[in-house]
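Hi there,

Here is the structure I promised to pass on to you. Have a look at it first, and then read my notes below.

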Amino acid sequence: MTEAEFIAALRRMPLHPGARGLVDDSAVIDAGPLVVTTDTLVEGVHFLPDDPPADVAWKLVATNLSDLAAKGALVEGVLLNYPLGDSAWDRAFLDGLAAVLTRFDARLIGGDTVSKRGPRT
């Protein structure tokens with residue numbers, strides 16, 4: 001899966017208006033007070049290399065939504081930083097991501113993609 005294909009798939013996700021079509025690495029948020037969290041999952045530490053990619057997507061989003069819930073915050077949007085690597089894995093991850101975002105009525109607001117170097121994060 002190329003970066004362009006991955007980004008095209010992300011653009012089909014539920015998007016926050018502040019994502020501005022995912023045209024760059026930033027988002028516009030007009031809200032306050034604002035609670036922000038980022039919780040990175042690392043392959044071999046937080047999930048196993050043979051874990052289903054869709055399950056990893058669910059765990060990633062659920063972990064971060066849990067952090068927000070602990071602060072009593074409402075979800076405004078989700079940022080995703082993603083290392084592209086294996087096309088089949090990437091597609092399965094996207095399927096899981098779409099499912100979990102839809103399930104929790106969360107919208108993708110932005111993030112970044114990079115070519116994979118090192119362990120999957």
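In α3, the buried residues (under 20% relative accessible area, with a 1.4 Å probe and protein chains only) are Trp89, Asp90, Phe93, Leu94, Gly96, Leu97, Val100 and Leu101. Their cover includes α1, α2 (53-70), β1 (78-84) and β2 (108-115). Helices here are DSSP runs of H or I with at least four residues, strands are runs of E with at least two, and both are numbered from the N terminus.

Before going further, please note that this is a predicted model: local features need pLDDT of at least 70, side-chain atom pairs count only at pLDDT 80 or more, and totals for chains, interfaces and linings use all residues. Residues are numbered from 1 along each chain as its sequence is written, and side-chain values use heavy atoms, with hydrogens and water left out.

How do α1 and α3 pack? Helix α1 (residues 3-11) lies at an angle of about 10° to helix α3 (residues 87-103), and their axes are 11 Å apart. Axes are lines fitted to C-alpha atoms over the stretch in contact, with angles from 0 to 180 degrees between N-to-C directions. The two helices are therefore roughly parallel (angles under 35 degrees). Contact (heavy atoms within 4.5 Å) is made by Glu5, Phe6, Ala9 and Leu10 of α1 and by Asp90, Arg91, Leu94 and Leu97 of α3.

Now for the loop between α1 and α2, where you will find His16. His16 is buried, with a relative accessible area of 7%.

Enjoy exploring!

Terms used:
Parallel < 35°, antiparallel > 145°, perpendicular 65-115°, else oblique. Buried < 20%, exposed > 50% of the residue type's maximum accessible area, 1.4 Å probe, protein only.
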